[in-house]
Amino acid sequence: MNEITLGDVTIARVEEMHGPVGMTPGQFFPGWPEQDWLDNRDWLVPDHLDAKDDIVQVAFHTWVLRSQGRTILVDTGIGNDKTRPAVEAWDHLSGDYLRNLAAAGVEPEDVDLVVNTHLHVDHIGWNTRLVDGRWVPTFPNATYLMSRPDFEHFDPANNPGITGSVNENAFEDSIEPVRAAGQIQLWEGEHAIDGDLRLVSAPGHTPGASVLILTSGSDKALFAGDLMHTPLQVAHPDHHSCFCEDPATALTTRRNLLGWASDNTALVLPAHFTGRTALEVVRNGDAFEIKNWGPFPSY
């Protein structure tokens, strides 16, 4: 069974790819003492740390939600055919994402809503696909929800620093065609999707980063985006990734949301965990610990 049900919402995980990201913990998480990784290596390997050369392992996946008659995608990965000079492994990628999505019973025309938790390049790639030499929205019938602060921040017209960064070309090929098609809805602060799902601002990783909160019946879940990149951040929430644009704010956001998840016994579903991809957390002093793992098979 590749789906779970929380309240009235069904959830599936569709993976685009997973594996080592070419960075050691020290590179991915600057300033984090190596000893913490050595002390936890026995359970981080092999899902979250490569056994051979201690390279961080991550996944890129989409959460597929079916809620109140609608099909909703949370994040859209890296995408095929994109020019990505900053990351060789992503440059002109040719993967099976749409085939994997079809295995979950979803064709592009079926999607009603796309949620980009933030606008980093690896969360928006399948917003569009290449058709006859043109970038067009992959999901022609969908509304794409994007936070206004991120939309403004990642527009190269507002931020010349995008050129030469990991997000180079991403606005032009993965956001602009969706805007041209009139399919983007911008939001800020908080946005109710339906009676069971709401988006909440979670800044720090990016200015407009967000999380999706599910509250349905007695069940709760936190679709955490890039709140964490490794489960070791549960016990060490003060450490941030090299991709966090405002580390101090990211720390506060991470603590607050992990606290909410603990207080509400919510399932936490991050955007990049591989192997064991969902978990429950509980408070442990001024940090947290993993209470339960929720292995989540993928298509």
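Colleague: How many cavities of 30 Å³ or more do we get here?

Modeller: Two. A cavity here is a set of points on a 1 Å grid, over the protein atoms alone, where a 1.4 Å probe fits but cannot get out. Bear in mind it's a predicted model, where local features need pLDDT of at least 70, side-chain atom pairs need 80 or more, and totals for linings use all residues. Numbering runs from 1 along each chain as its sequence is written, and side-chain values use heavy atoms, with hydrogens and water left out.

Colleague: How much space is in the largest cavity?

Modeller: About 110 Å³, with volume meaning the space filled by probe spheres set on the points, which are joined across faces, edges and corners.

Colleague: Which residues lie nearest its centre?

Modeller: Ala-202, His-205, Ala-209, Asp-226 and Leu-227, out of 17 lining residues. Lining means having an atom within 4 Å of a point.

Colleague: And which element gives the most to that lining?

Modeller: α8, with three residues. β12 (210-216), β13 (219-225) and α8 (247-263) each supply at least two. Helices are DSSP runs of H or I, at least four residues, and strands are E, at least two, numbered from the N terminus.

Colleague: Switching to the second largest cavity, what lines it?

Modeller: The lining includes His-61, Trp-63, Asp-75 and Phe-223. The largest share, three residues, comes from β13. That cavity holds about 40 Å³.

Colleague: How does its lining divide by class?

Modeller: Seven nonpolar (Ala, Val, Leu, Ile, Met, Phe, Trp, Tyr, Cys, Pro), two polar (the others, Gly among them) and one charged (Asp, Glu, Lys, Arg).

Conventions. On a 1 Å grid over the protein atoms alone, a cavity is a set of points where a 1.4 Å probe fits but cannot get out, and a pocket is an open set with protein on both sides within 12 Å along at least five of seven lines; lining residues have an atom within 4 Å of a point.
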